[in-house]
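Trainee: Could you walk me through this model, one piece at a time?
Mentor: Gladly; let's look at it together.

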Amino acid sequence: LEVRYKKSKGKNPKDEFSTKQLLGRCLLKVAKWKVLCHEEAKEHLPYVEILKLQEQAAKLRPNYYKAWHSFALMNYQCVQKTAEEAGRDKAAGGGKRDEEKDRHVVDAVKGFFKSLELGKSRPMADILQDTLRLLTIWFKNGDNDKLNDEMAKGLKEVSVDTWLAVIPQLIARIHTQYPRVNAIMHDLLCKVGKMHPQALIYPVTVASNTSSQHRRKAATAVIEEMKKSDSELVDEANLVSEEVIKLSITWHEAWHEGLEEASRMFFGEKDVESMLVVLTKLHLDLDAATNESGAKYGFSSVRNTAFLHCYGKDLEEANEWLTSFKKTRKIAEVHQAWELYYQVFRRITKQLNNLDKIELQHVSPKLLNVKVKGLKLAVPGTYRAHAPIVRIEAFSNSMDVIVSKQRPRKMTIQGSDGVAYPFLLKGHEDLRQDERVMQLFGLINALLSQDRMAAKSRTPMNIRTYSVMPLNDNSGVIGWVPDCDTLHSLVKQYRDARQIRLNIEHQLIKKHSNGFYD
């Protein structure tokens, strides 16, 4: 074939084209055959020889997806192999190995970009895996200038839609130690934000509220660019995010949790300084909330104003005792403060035990006003590229509080399509890991849909997924899964029917712990 191709080159275009196509395919088959032979014999792969065959196939057929994908994967394996070898033996031939790795890194990225460009019609699982591999190489080798050049070039050639499935990964690396990576990432996110603002606005808003100054600055820069295209959408996302965060953890719950933690530190661990850190933060947040309407939990609602009226005086007096202790270091003053804190804690506990419903008019009147005109913002988890946008029409007047330790709420959003979308609003929990797990389950489902054995199965092999939208590092919303119950409810039903005490484990531990269990 090689001889025939050389003879027909420049003489017979039709024969030259068909021979070149066939030769490219044969070279790729030979490379695959060599891989299988060496794997079967459990021998080391001749990477140089295989890569040469794959590269020749890709050059002969520039639009051949399989050739570019095989070339990218083999280089990806080489990157991993050289990294492992360098880790095992840094002293032996480090310079040469680094050069070898850098070459494979650039070639892998070039191959993956070409695969993504040519494989638009490929199954979602293939595209997602290639995109994740590409990002892994980039983030691990951000100091490689040639790699960054290839990234900047490739991002111009690949569709923006490619990045929608990996937005969590992009946001996670919105700021890195490499300035060039940060600049390219900013351009990429701005491009995604311009083409698909509804897909990016929630995640980037969360990043703008993070405690990391560098991440916050990078996210704010992206939001400022998005404002140029649609400032109203950005303002609505900020409003919804801030108000829903207030709904996820009220002041009563924040102080209940804080006092419980501070009590454990002081009375259980005898750690006065840690107790002071927790209590001081609560008081600072409370002061900020009373002075600024846009603070963490805010006092722009009836319920929060009632909290200040009921507990403000006692908490202020307790804070004065703590302030005095910081100067005198008299432990008696801490006990004086705790007499007040204990009274507040008991009253809050009683209120929370009776909390089964939250009225929006008492906690977040701003969300209640959404009914008047609706929002441009999409209902969380509903956005799909190039499909009609389901916008937020209204929030339900009230939320049911689910009986559980963290007291999550059932929140309902009315969509512009006339459908009511229920969500589980969770506080005291970081949902970013849940978001990654759902992403993993989505990939597993995509792989199962391609599997022949799974397709033949009588029972559909599919993991139930649901939307997850973190609001910050301590709260978020989860798509409601119908016909489910909490473990607490199931245990309660079982024990009530058999007249077994609900907290029997707690009682047994307390009985046998000689008073050391709290």
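**Helix packing and exposure**

Mentor: Helix H14 (residues 302-328) and helix H15 (residues 331-353) pack with their axes 8 Å apart, at an angle of about 160 degrees. This is a predicted model, in which local features need pLDDT of at least 70, side-chain atom pairs count only at pLDDT 80 or more, and totals for chains, interfaces and linings use all residues. Residues are numbered from 1 along each chain as its sequence is written, and side-chain values use heavy atoms, with hydrogens and water left out.

Trainee: Are H14 and H15 roughly parallel or roughly antiparallel to each other?

Mentor: Angles under 35 degrees count as roughly parallel, over 145 as roughly antiparallel, 65 to 115 as roughly perpendicular and the rest as oblique. The angle here is about 160 degrees. H14 and H15 are therefore roughly antiparallel.

Trainee: Which residues of H7 are buried?

Mentor: Helix H7 spans residues 145-157. Buried means under 20% relative accessible area, exposed over 50%, and partly exposed in between (1.4 Å probe, protein chains only). The buried residues are Leu147, Asn148, Glu150, Met151, Gly154 and Leu155.

Trainee: Is Pro388 buried or exposed?

Mentor: Pro388 sits in the loop between helix H17 (365-368) and strand E2 (392-395). With a relative accessible area of 76%, Pro388 is exposed.

Conventions: Axes are lines fitted to C-alpha atoms, for helices over the stretch in contact, and angles run from 0 to 180 degrees between N-to-C directions. Helices (H or I, at least four residues) and strands (E, at least two) are DSSP runs, numbered from the N terminus. The expected span of a helix is 1.5 Å times one less than its number of residues.
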